[in-house]
Amino acid sequence: MMHEEGNPGPVGHIHLNKTLLIQSNISMHDILEKCQDAINIQQKKKKVANLFKNIDLSFSKWTDPFHITWSGRYGHYSIHIDTSGEQDGGPQWGRGRGRGREWNAETFFTLLVSNSIGWNRDRVSSAKTCFTLKLKGREEIKFLYLAVEIFLASSPSSTPLEFYDSSFQDSSWATIPVPSNWQMHGFDRPIYTNIVYPFPLNPPKVPEDNPTGCYRTYFYLPKEWEGRRIFLHFEAVDSAFFAWVNEHPTGYSQDSRLPAEFEITDFCHPCGSDKSNCLAVQVMRWSDGSYLEDQDHWWLSGIHRDVLLLAKPKVYIADYCFKSNLAEDFSCADIQVEVKVDYSAMNIDNSVETGTEIFDTGSSHTSSGHANLLSTSVSHLQLTNSVDYRLGFIGYQLKGKLQMPKLWNAEQPNLYTLVVTLKDASGNIVDCESCQVGIRQITKAPKQLLVNGQPVMIRGVNRHEHHPRLGKTNLESCMVQDLVLMKQNNINAVRNSHYPQHPRWYELCDLFGMYMIDEANIETHGFHLSSNVQHPTSEPVWASAMLDRVIGMVDRDKNHACIISWSLGNEASYGPNHAALAGWVRGKDSTRVVHYEGGGARTSSTDIVCPMYMRVWDIVKIAEDPAELRPLILCEYSHAMGNSNGNIHEYWEAIDSTFGLQGGFIWDWVDQGLLKEGADGTKNWAYGGDFGDTPNDLNFCLNGLIWPDRSPHPALHEVKFVNQPIKVTLKEGIVKITNTHFFSTTEALAFDWMIHGDGCELGSGILSIPTIAPQKSYDIKWDAGPWYDLWCTSDATEIFLTITVKLLGSTRWAETGHIVSTVQVPLPVKHETVPHIIKGEHAAFSTEVLDDSIEVKNQNLWEIKFNKQTGAIESWKVAGVPVMSKGILPCFWRAPTDNDKGGETESYLSKWKGAKLNNLTFTTESCTVLNALDNLVKIAVVYLGMPGGSEKKLPQSETSLFKVDLIYSIYGSGDVILECHVKPTSELPPLPRVGIEFHLEKSMDQIKWYGRGPFECYPDRKAAAHVGVYEQDVSSMHVPYIVPGECSGRTDVRWVTFQNKDGHGIYASTYGESPPMQMNASFYGTAELERATHNEELVKGEDIEVHLDHKHMGIGGDDSWSPCVHDKYLVPAVPYSFSVRLSRLIVSSCTFHIHYKEQNIYLW
């Protein structure tokens, strides 16, 4: 059965001067007749409630797709209950200025709000308490933030008998906070699945083993609420529930992400009574609704969003809807507000009038943070001759104009305060509602989605609601921190994956400026795994349930400016039910577009071509198809699982240069790891299976750009770079600075420049340029820039120009000086590379060849010892200090990343293992001293890379996978030139890496390098990493991905030094014609990174494992379930030759200056 009560529908901010009876053409007889019908319906409802007083739970409503809710109000926009009209200075404040003060309190944020987020129990409790402070002064709302009593039964049929009775004894029950997921408090267990249902697929039935939470708590109604109607409002409960008040059944509802609301006026004790009211709730973990909620996230249960008591007058504003339509030149806006008033509890004799007004509170925040309470009324709406009667709900339509409106967009999120008032015949305020609204227009053009006439670029992310300690329970500070991080990293859009989220999230997105796709709570991915069960979208029995979820979402969220598109759900196939959903949404709301990816992303039920994980070349092909007139926006792309997001710059090179491509949403925002504490007190981020949950999809929930505690992954730097709004290029002698904003000039930005030569800063300054209009550029001849004289006088081999763009003032999401954009471009090369010269100490040294070793040393300055059997260095000492403990060996293996593992038998890892690259051992074919002079010795080593378990009867030369020639040239200065020649067999798959590996003493943990950084980067994810000289210690280089794998790399490294705290150490650089290298250094060896399943399991080695790679395969990221590293970032199994220079470094009191291109190292 569908909802039994009528839905008041949408409403806006309105002020009326005439009563309904005067404006209406309907006769008094018709009005009384309609009102009597409504009264009769209400009486029938009470009779139904009495019939259901003793609910027969043997009829499993939670397994009947037709039974969606009982006794609940239809969905409506979030009620705020603005009572300021009755206070704060009388009638004038009653026209909305008091509400301006309240909205100021709810919208004035500093970064301290974001920084207040915490992850320990005390900080979480504090944050939850802070969220209730908004209730101060709003006496008609009460949050039931309580520690309630809970009993977890194994099934609905095993709940305690009549536990909802007021006299029931619950003293033996446990206590749990509300809101919360009970699994996060020791009851039951979390389950993580991506596709498969955690119960047998037998729709609409669910298992008999169905954990059921029984909640009990008490509340009092204040005397001030006397004469008002009382509503019990659940923001969201997972997955289905019954509620009782004082033993009276008040209703049933399902849909784990939308509100349920019940009137409980007749069931409560009198207001002001000392008798407490007993609220009992029974929550089932599984219901038929669970079949529509198969999203890729944790299955968690309980009352996970706020529970409120609302007090409204007998006649009250039930709902309101705000719409605006802009003139062609955007000089004025036609405003329309529909208000629905609930008269069902009163006779029509009580005539009322409705008023709507819009206030400009956009400038009400002063520099001190106080509100300018003299907010300005900018539009007064008038009642039209439109009225609709249905079930006691009377609808008003009001219209008005707003001249020169301040438009809302993600760059400039201007908001107005809409106030809707209801007055009695004497002019007294009966009820008042308000919200913040934005005036903006969403339209379509061929191959474009337009916001206020502009084809804005969607630089978005998908966001699940997730807190590592609370699960699906929301904290305002966590929401604010998400938005601060998004804005700071140039993210301007969010897709609510894959369900409607907490109402406060929408208010914050309006406020911060974030384009949003609001998505219905519909996903049936697990049906794809079954061929004998009809998909819900094709079954009429599921149509009403699916439509109810879409209607509920639209009705709740309709007034939010941030929403530019409604989504019909995710991964729920495609069929007639979706066509019906699209039709309803388009008929209901023509001011937004419809999105749905199912069925191939190009069905008639979507206004946007919205594929997921489509390759770059394929999206370009669609955009260039003249028959496709819709814009293409990727609903999911660049799968951020572990060390990922490679190739993302290639997507944006295509998007920025191809008409019809308009951006996309990265999957996804946050790693969905849950905080798990072991018996010994250790903590780790848990994923699927860590709680003994079966079935599970392991770590597929860890796809975020940030860790669960909101610390950023290194890939977030790359995302910020490709999203940055100010672009800089140097082509044909012109430095072009482009403002890609659509609405903002560069007036609020400061431009700085800096140039570096061979890693050393040569100079810097302010770049004075005119203000650049949106979508415009400014050109500077590179040789006319302020950096040119420094370039002319520098003898550096390579010189880079960096232009940095910063905020001139603070914003809601960043402080003054925040870097918005930064771009580094190489300036022209001045001269050819000078041939190498080894300079330094050329004193004679000795070479001693023993039976099992070769020792080369120069008095007490340095000493290198080779093992003749292995051909590897056994030790390297500098001034008597051990530096290298093991090495140097060829290396072709890396600890697999999540992307390496994706693709089953076609995965890179599967092919690597099939070729036995994971079990490679190197045997020494020969180790020979080629010549030994007074100041130079050459040692040649030939290695054969043998697969483990190879046939021993065959000659090694026939079974080897690699032949590697290493030639060491050791000079008296202590310089070692290593020439490497690699010859793989032809049938090998693309290789993880081609390079060398050696081990340093663990004291050599101070690293300095000249290359890209300072953060982790790889060949296909390095656009954001500038070339420079950086310093870190080995421990801080490690990137703690929740599931360990290849990490911590730095790309395009020219040289690197490893030293102890006294300055002793070793220097390495590329040599000759060899290109820059990939560098990695870690206390965790490759084998250890491959062994551990959680970062906390890693055990530090006794030395530092160093990799210097001539070639390193990209990390990929187009998705994580197929081999998708782009061809240019693969390392084919072909011969390679490269050279590396190694040199000693002495104590820190000695300075050194490195010219790696000239291959000189001066020691003095």
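Is phenylalanine 892 buried or exposed? Select it and see: phenylalanine 892 is buried, with a relative accessible area of 3%. Buried means under 20% relative accessible area, exposed over 50%, and partly exposed in between, with a 1.4 Å probe and protein chains only.

Before moving on, two notes. This is a predicted model, with residues numbered from 1 along each chain as its sequence is written, where local features need pLDDT of at least 70 and side-chain atom pairs count only at pLDDT 80 or more.

**Stop 1: aromatic rings**

A pair of aromatic rings is described by the distance of the centres and the angle of the planes. Rings of Phe, Tyr and Trp (its six-membered ring) pair if their centres lie within 6.5 Å. Planes under 30 degrees apart count as stacked, over 60 as edge-to-face and the rest as tilted. The whole structure holds 43 aromatic pairs.

Select phenylalanine 241 and phenylalanine 262. Their ring centres are 6.1 Å apart and their planes stand at 75°, so the pair is edge-to-face. Phenylalanine 241 sits in strand β8 (residues 240-245) and phenylalanine 262 in strand β10 (residues 260-263), 21 residues apart. Helices (H or I, at least four residues) and strands (E, at least two) are DSSP runs, numbered from the N terminus. Phenylalanine 241 is buried at a relative accessible area of 3%. Phenylalanine 262 is buried at 0%.

Phenylalanine 892 lies in the loop between β44 (881-891) and α14 (898-901), and phenylalanine 922 in strand β45 (residues 920-932). The two are 30 residues apart. Phenylalanine 922 is partly exposed, with a relative accessible area of 22%.

One more selection: Phe151, Phe163, Tyr164, Phe168, Trp173, Phe242, Trp244 and Tyr252. Ring pairs link these residues into a cluster.

**Stop 2: strand β13**

Select residues 307-312, which form strand β13. How many of its residues are buried? The count is 6 of the 6, so β13 is largely enclosed by the rest of the structure. Val307, Leu309 and Ala311 point one way. Leu308, Leu310 and Lys312 point the other way.

Next, show the partners of β13. Two strands pair if DSSP finds at least two bridges between them. Strand β2 (residues 141-143) pairs with β13 in the antiparallel sense over 3 bridges. Strand β7 (residues 229-234) also runs antiparallel to β13, joined by 6 bridges. Pick leucine 308 in β13: it is the bridge partner of phenylalanine 143 and of histidine 233.

**Stop 3: an open sheet**

Move to the sheet that begins with β45. Here 9 strands form an open sheet in the order β45-β46-β47-β48-β57-β54-β53-β50-β51, with antiparallel pairing. β45 and β51 (1026-1033) stand at the edges with a single partner strand each, so one side of each is left without a neighbour in the sheet. Neighbouring strands are turned by 20° against each other on average, direction ignored.

Zoom in on strand β50 (residues 1006-1013) and strand β53 (residues 1055-1059). They pair in the antiparallel sense over 5 bridges. Lysine 1008 has threonine 1057 in β53 as its bridge partner.

**Stop 4: two helices crossing**

Select helix α6 (residues 476-488) and helix α7 (residues 503-512). Their axes come within 10 Å and cross at roughly 35°. Axes are lines fitted to C-alpha atoms, for helices over the stretch in contact, and angles run from 0 to 180 degrees between N-to-C directions.

Show side chains. Contact means heavy atoms within 4.5 Å. On the α6 side are Glu476, Met479, Val480, Asp482, Leu483, Val484, Met486 and Lys487. They meet Arg504, Trp505, Leu508, Cys509 and Phe512 in α7.

**Stop 5**

Lysine 558 is in the loop between α8 (540-557) and β27 (563-567). Lysine 558 is buried at 6% relative accessible area. Phenylalanine 322 is 236 residues from lysine 558 in sequence but 7.9 Å away in space, C-alpha to C-alpha.

Asparagine 577 belongs to helix α9 (residues 576-588). Asparagine 577 is buried, at 8%.

Finish at valine 719 in helix α12 (residues 715-723). Valine 719 counts as buried at 1% relative accessibility. Leaving aside neighbours within four places in sequence, valine 719 contacts Asn489, Ile491, Ile648, Ile666 and Leu705.

Methods: Side-chain values use heavy atoms; hydrogens and water are left out.
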